[in-house]
Amino acid sequence: DTAEAIAQRILAMFGDPVRSGNHLLTIRASIGVAMIQAGDEPGELMRNADTAMYTAKAQGKHRVAFFESQMFESNLSRFNLQLDLQVAITHGQLRPVFQPIVELSSRRVVGVEALVRWDHPSLGELAPDGFLEVAAQAGLLPRVDHAMVAGACSWLAEVDRIEPNLVPWVNVNISPQTLLEPGCLDAILAALRAHRLAPSRLGVEVTEYLMAQDADRALRTLHLLRDAGIRISLDDFGTGYSSLSYLQRLPVSTVKIAKSFIDDVETSSGQRALTEAIVAMAKALDMYIIAEGIEHPQQMDLLESLGCMAGQGYGFSKPLRGDE
Ligand code: C2E
Ligand code: MG
Ligand code: MG
C-alpha cells in the first residue's frame, strides 16, 4: 500500500460517530505525513509531519497532507503560526467575511454572520479551522474575537451610511475564553458606541461548550450582554452536550440548528425527526430558529415547512467580503 492509501484509510475510520456516555461524537482528523530519508533526524521528521498536519488543517481539516519542502518555507508550524498570529492581530491581517442569514418565508436577508479570515502574507487566506486552535492555545482568542466585533461594527456602520436598513444586524462568534475574560462586556459595548450602533444591531453566537468551562461566570456575562440589548444565539445546536436544560438556563433568544442535522434532513427520517423535535422545543421556549449549512433549494422548502424561520448556507450565499 502507498502511504497515501494508508492515510486515507485511517481518515475513513473517523467517519462513524463514536458513542461516549449518552453522546454521539463525530471525530474528524487532520493527518500530516512526512517521509523519512537517509540521515534525517527524528526531530526533523516529527516537525515536518507537524507542518504537514497544520497545512491539512489550514486547507479545511479532515484531510491528508504530505510534507513538501515549500511548506517549510512558509513556516506553518504551531510555533510559527502563534508568532505570525500575534503579528496578524496587531497588523490588521484578520478581517471578517459576512454570510447572509435569510428569512425562509420571504427569502429576504434578515442579518449576517461575521466569520474571521486571516490574510497570511505567505500562506494566503486561512480559514478559522486552520488557526483558531492555535489561537486558543496561545490565549489569543479574545483578541481575535474582539477584532471581529470591531470589524463587524465598523462594517455595519458603513453599510448604514450607504443604505440604511439594508442589514438589520450582524452576529459575531464569541468563544468561551473571550466571554470569561474580565472586560469582555465593556469592550463589546465600547465597539458599538464607537460606531454609534444600538446594541440590538449586534448578536453574539456562543456554543454549548461554554457551559463546560466556568458555567456560573459564563452565565453571568451572558445575562449582562442580554440585559444590554445584545441578542444571544446558541450556535451549532445539537452537536455539543445539548442537554435540553441548557436551552432554558441560557439567556438565548435564537437557536442555530447545526449543519450536521440539515445535511441529512431530507434523506434520513431520524435526522428529520430530531430537527422537528429541536424546532418544537425552541418554539415552545419562544426562540427564533435558524437552520445552518443549507446547500439546496429542497432543504429550504422542507425546513420552512418544519417551522424554521431562517436559514444560512451556500445555497443562499457563501460568506462574502465586506464590499461584496
Ligand atoms: P460557525 O459559527 O458555525 O459558522 C458556520 C461555518 O459554516 C462557517 O465556516 C461557514 O463558512 C460554513 N458554512 C456556511 N454555510 C455552509 C454550507 O452551506 N456548507 C458548508 N460546507 N459550510 C457552510 P468558517 O467560516 O470556516 O468558520 C468555522 C467556524 O469557526 C465557525 O462555525 C465558528 O465556530 C468559528 N469562527 C469563525 N469566526 C470566528 C471568530 O471570529 N471567533 C470565534 N471564536 N470563532 C469563529
Ligand atoms: Mg457561528
Ligand atoms: Mg454554526
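Which protein donors hold the magnesium ion (ligand 2)? The close-ups below start there. This is a predicted model, where local features need pLDDT of at least 70, side-chain atom pairs count only at pLDDT 80 or more, and totals for chains, interfaces and linings use all residues. Residues are numbered from 1 along each chain as its sequence is written, chains are lettered from A and ligands numbered from 1 in the order in which they are written, and side-chain values use heavy atoms, with hydrogens and water left out.

**Close-up 1. The magnesium ion (ligand 2) and its protein donors.** Donors here are N, O and S atoms within 2.8 Å of the metal (3.2 Å for Na, K and Ca); water is not among the atoms, so sites may look incomplete. Written along the sequence, the donor spacing reads E-x59-N-x31-E-x29-D. Glu 113 sits in strand E6 (residues 109–120) and Asp 235 in strand E10 (residues 231–237), so this pair links distant parts of the chain, 122 residues apart. Strands (E, at least two residues) and helices (H or I, at least four) are DSSP runs, numbered from the N terminus. Glu 113 counts as buried, with 4% relative accessibility, and Asp 235 is buried too, at 7%. Buried means under 20% relative accessible area, exposed over 50%, and partly exposed in between (1.4 Å probe, protein chains only).

**Close-up 2. The magnesium ion (ligand 3) and the bridge to ligand 2.** Asp 236 lies in strand E10 and Glu 292 in the loop between strand E12 (288–291) and H13, so the pair ties together parts 56 residues apart in sequence. Asp 236 is partly exposed at 29% relative accessibility, while Glu 292, at 11%, is buried. Asp 235 bridges the two magnesium ions, which lie 4.0 Å apart.

**Close-up 3. Helix H12 packed with helix H13.** H12 (residues 269–284) and H13 (residues 297–306) pack at about 45°, with axes 10 Å apart. Axes are lines fitted to C-alpha atoms, for helices over the stretch in contact, and angles run from 0 to 180 degrees between N-to-C directions. The two helices are therefore oblique to each other (under 35 degrees is roughly parallel, over 145 roughly antiparallel, 65 to 115 roughly perpendicular, the rest oblique). From H12, Arg 272, Thr 275, Glu 276 and Val 279 meet Leu 302, Leu 303 and Leu 306 of H13, contact meaning heavy atoms within 4.5 Å.
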